[in-house]
Amino acid sequence: MPPTARILLVDDHEDTLYALESALAPLGQPLGRATSGDEALKQLLRGNVGVLLLDVHMPGTGGLDVVRWMRRLEQTRHIPVVLLTGFARDHRIGAAAYRLGVADLVTTPVDPWALRTKVRHLYDTHQRGLALEAEMRSLRARLDAAAASAARPAPPLPHAHVPPAQPPGAHTAELGGTGHRSRTPSTSVPGRRHQAAWRACPY
């Protein structure tokens, strides 16, 4: 069984990471942390991330840059992302985030109960989707195997049994219980004396 997916928390402030960990610990899922966009990308490429909570404003590679890179890669394209910002909602950031398929944009400090509810929903939905994809791949593999088996030519049938040739006289019938064979009587050919008598006969 694969290991349980992590909830990855990314922020360049330690106090924010601690607050997020405290809010999400009751979910009972493993939590990972990164303090930069580059470190977050490395952890994402290692796999097994169920949800990403990502600060928008970080030195170097910012939150939106991380999401752009994620959407280019098949293995990270469908991981749900919650963007975090310490500033009032910026409509330009919101528009850019939703164009990239971000699940939500949350202003910090966060409401722990609301954040847990949101993350739990995103996490469970993503895991169910992965399980469904795995089941579909398994079913497709079984169907392909069955189709390949049905397409194989049938093995040749064994040759029909040919009875051995009958020896001479096998057509004669055995007398019941005697063990002797009686030959089929053949038409007797008249002798010379009988032939002459027939020729002399006036009739």
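1. Helices (H or I, at least four residues) and strands (E, at least two) are taken here as DSSP runs, numbered from the N terminus. Asp111 is found in the loop between β5 (104-107) and α5, and at 46% relative accessibility this residue counts as partly exposed, where buried means under 20% relative accessible area, exposed over 50% and partly exposed in between, with a 1.4 Å probe and protein chains only. Asp111 and Ala23 are 88 residues apart in sequence, yet 8.3 Å apart in space, C-alpha to C-alpha.

2. On the basis of these remarks: this is a predicted model, in which local features need pLDDT of at least 70 and side-chain atom pairs count only at pLDDT 80 or more, while totals for chains, interfaces and linings use all residues. Residues are numbered from 1 along each chain as its sequence is written, and side-chain values use heavy atoms, with hydrogens and water left out.

3. As to the overall arrangement, the protein has six helices and seven strands, which follow one another along the sequence in the pattern β-α-β-α-β-α-β-α-β-α-β-β-α. Buried residues make up 30% of the 203 residues. Among contacts (heavy atoms within 4.5 Å) between residues at least 6 apart in sequence, 59% join residues at least 24 apart.

4. Helix α5 (residues 112-151) packs with helix α1 (residues 14-24) at an angle of about 70°, their axes lying 9 Å apart; axes are lines fitted to C-alpha atoms, for helices over the stretch in contact, and angles run from 0 to 180 degrees between N-to-C directions. That makes α1 roughly perpendicular to α5, a class that covers angles of 65 to 115 degrees. The contact is made by Leu20, Ala23 and Leu24 of α1 together with Pro112, Leu115, Arg116 and Val119 of α5.

5. Helix α5 itself has 40 residues and reaches 58 Å from its first C-alpha to its last, close to the 58 Å expected at 1.5 Å a residue, the expected span being 1.5 Å times one less than the number of residues. In α5, Leu115, Arg116, Val119, Leu122, Tyr123 and His126 are buried, and what covers the buried residues of this helix includes β1 (6-10), α1, β3 (49-55) and β4 (81-85). As a general point, an α-helix has 3.6 residues a turn, so residues three or four places apart point the same way.

6. Elsewhere, Gln43 lies in helix α2 (residues 37-46) and, at 11% relative accessibility, counts as buried. Leaving aside residues up to four places away in sequence, Gln43 touches Arg6, Leu8, Arg33, Ala34 and Val49.

Note on methods. Angles under 35 degrees count as roughly parallel, over 145 as roughly antiparallel, 65 to 115 as roughly perpendicular and the rest as oblique.
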